[in-house]
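Here's a walk through the side-chain packing of one protein chain. Have the model open and follow along.

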Amino acid sequence: MRRPGRAFMPLLPALLQLAFAACGGDASAGGAQEIRFWGMGREGEVVAELIEEFEAENPDIRVRVQQIPWTAAHEKLLTAHVGNATPDVAQLGNTWIAEFSAIGALEPLDDWIAASETVRPSSYFEGIWATNEINDTTWGVPWYVDTRLVFYRSDILAAAGYDSLPQSWAGWVEAMKAVKRVVGPDRYPIFLPTNEWAQPVILGLQNGAQLITTDARGAFSEPAFREAFDFYLSLFQRDLAPTMGQFDVANPHQEFERGFFAMWITGPWQMGEFKRRLSPENQDTWATAPMPGPTGAASGYSHAGGSSLVMFSGSEHKQAAWKLIEFLSRPEQQRRFYELTGSLPARMETWQQTDLMNDEHARAFWEQLQRVKPLPAVPEIESIMTAVLQHAEMAIRGGTPAGTVLRELDRTTGRILEKRRWMLARQQEEVASPRGAGAP
């Protein structure tokens with residue numbers, strides 16, 4: 001780090017002003033209070049276009065936007081919390097909300113929401129809103145939504161005798177077998193990247209798996225997840241899916257176009273990629289469909305993902321911070337944000353006010369978002385999901401029996417959650433003790 005010498009002395013007042021601002025102070029000109037917004041990746045880049053209108057409506061507030069790369073966001077947020085230098089408002093992936101609320105970094109939003117005429121929980125997809133609630137407290141407002149469903153080659157499926165994707169597991173497998181007969185031994189009905197946790201976890205959620213027990217232990221060897229995992233493994237064992245990860249396929253869009261695989265479980269960001277990367281003559285040969293479920297469409301859940309807007313507990317400008325959250329949550333701003341980024345809006349009325357409802361590819365996401373389930377709201381969830389994909393690969397590539405893999409996954413999950421169990425035990429002791437924990 002470069003240290004200022006005598007030559008830098010004239011800059012000292014400005015540096016002090018910047019340092020004060022970094023700690024949440026008010027450093028803007030003209031008496032306007034300044035709040036800080038951290039956005040991640042592309043979202044952080046384009047949100048500045050929306051901020052201009054916010055500042056025009058609120059001349060007493062200035063917003064300083066900082067774009068954070070997704071790869072650095074988690075560590076930077078943790079460092080900022082430890083250093084008491086968190087922003088006023090930020091975009092937060094909804095799988096991070098449990099962690100940052102647990103360490104006291106976030107401001108509870110229930111009172112703000114109850115008094116708001118803009119943010120109403122009923123305007124949002126129920127499963128997505130639930131990702132922001134932990135122990136009856138709301139910590140974030142959904143900003144955009146993300147989930148996964150099936151992208152497929154409609155022409156190959158038609159050649160196999162299907163005009164749409166069957167919506168039960170049994171029908172789905174029969175369709176895959178029919179596709180396999182059409183495409184031959186060197187091509188595959190579906191691509192399930194072995195280095196992704198989403199596919200086995202989504203199938204488990206569909207089958208009613210809880211993933212983590214109420215006493216903070218792994219529940220992956222229980223029947224609900226075991227059945228779904230067996231179904232997942234069977235797709236590889238029947239040679240319906242190649243034993244490949246994302247990085248084993250040099251260009252998945254090109255392989256989809258040439259028919260190496262006919263289906264791909266992936267997310268909404270691919271709509272733009274398919275339109276951009278597939279050749280014009282193949283633009284009519286791809287379609288989207290909600291996830292098939294164990295017993296039909298009603299059980300075809302996917303996982304609830306996306307990003308939320310959160311306020312940090314250390315903010316000294318909470319009223320202004322909430323104004324910004326309300327502004328970015330307006331239906332018209334959600335629409336502009338979708339137009340700028342392609343990220344799907346979290347508010348249902350925004351869908352109904354745009355051409356999204358008439359978009360043949362986006363329509364399946366609207367249907368899927370009615371059936372999404374959140375992951376367990378524990379701070380350790382990302383470590384547990386990493387363990388899922390590592391253990392699944394042991395079964396797919398290594399041939400380790402499913403029962404052995406899932407028991408080991410439960411043990412790994414138990415170790416990850418060891419500190420959580422200790423905290424739960426302490427809480428129970430405090431409740432049980434009439435004099436309180438630690439009383440002499």
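## Ser279 and its polar partner

The side chain of Ser279 makes a polar contact with the side chain of Glu257, at 2.3 Å. A polar contact here is a pair of N or O atoms within 3.5 Å; within protein, one must be able to donate a hydrogen and the other to accept it, and residues adjacent in sequence count only if both atoms are side-chain atoms. You'll find Ser279 in the loop between helix H12 (269–277) and strand S10 (286–289). Helices (H or I, at least four residues) and strands (E, at least two) are DSSP runs, numbered from the N terminus. With 17% relative accessibility, Ser279 counts as buried; the cut-offs are under 20% relative accessible area for buried, over 50% for exposed, and partly exposed in between, using a 1.4 Å probe and protein chains only.

Before going on, keep in mind that this is a predicted model: local features need pLDDT of at least 70, side-chain atom pairs count only at pLDDT 80 or more, and totals for chains, interfaces and linings use all residues. Residues are numbered from 1 along each chain as its sequence is written, and side-chain values use heavy atoms, with hydrogens and water left out.

A polar atom of the Thr288 side chain lies 2.8 Å from the backbone oxygen of His361. Leaving aside neighbours within four places in sequence, Thr288 is in contact (heavy atoms within 4.5 Å) with Leu149, Val150, Phe151, Tyr152, Glu360, His361 and Ala364.

## Aromatic pairs

How many aromatic pairs does the structure hold? There are 29, where rings of Phe, Tyr and Trp (its six-membered ring) pair if their centres lie within 6.5 Å; planes under 30 degrees apart count as stacked, over 60 as edge-to-face and the rest as tilted. One of them is Phe37 with Trp143, edge-to-face at 6.0 Å centre to centre and 80 degrees between the planes. Phe37 sits in strand S1 (residues 33–40) and Trp143 in strand S6 (residues 141–146), so this pair ties together parts that are 106 residues apart in sequence. Both Phe37 and Trp143 are buried.

Then there's Phe256 with Phe261: the ring centres are 6.0 Å apart and the planes are at 55 degrees, so this pair is tilted. Phe256 is buried at a relative accessible area of 0%, and Phe261 is buried at 0% too. Phe256 and Phe261 belong to one aromatic cluster whose members also include Phe151, Tyr188, Trp264 and Trp286.

## Charges over rings

Lys180 lies over the face of Tyr188, at 4.3 Å from the ring centre. The charged end of Lys373 sits over the ring of Tyr301, 4.5 Å from its centre. To count, NZ of Lys or CZ of Arg must be within 6 Å of the ring centre and within 35 degrees of the ring normal.

## Two nonpolar cores

The largest nonpolar core has 59 residues, and Phe37, Val141, Trp322, Leu324, Leu328 and Trp351 touch the most other members. Such a core is a set of buried Ala, Val, Leu, Ile, Met, Phe, Trp, Tyr and Cys residues joined through side-chain atoms within 4.5 Å. Helix H13 (residues 318–329) gives the most to this core, with seven residues. Not counting residues up to four places away in sequence, Leu328 touches Phe37, Val47, Leu50, Trp143, Leu309, Gln333 and Gln334.

A second, separate core of 57 residues includes Val150, Leu165, Ile202 and Val405.

Gly184 follows H8, with a positive phi near 95 degrees.

Helix H18 (residues 402–416) also has 15 residues, and reaches 21 Å. Val405, Leu406 and Leu409 are among its buried residues, and the buried residues of H18 pack against helix H10 (223–237), helix H17 (381–396) and helix H19 (418–432).

Key:
Expected span 1.5 Å × (residues − 1).
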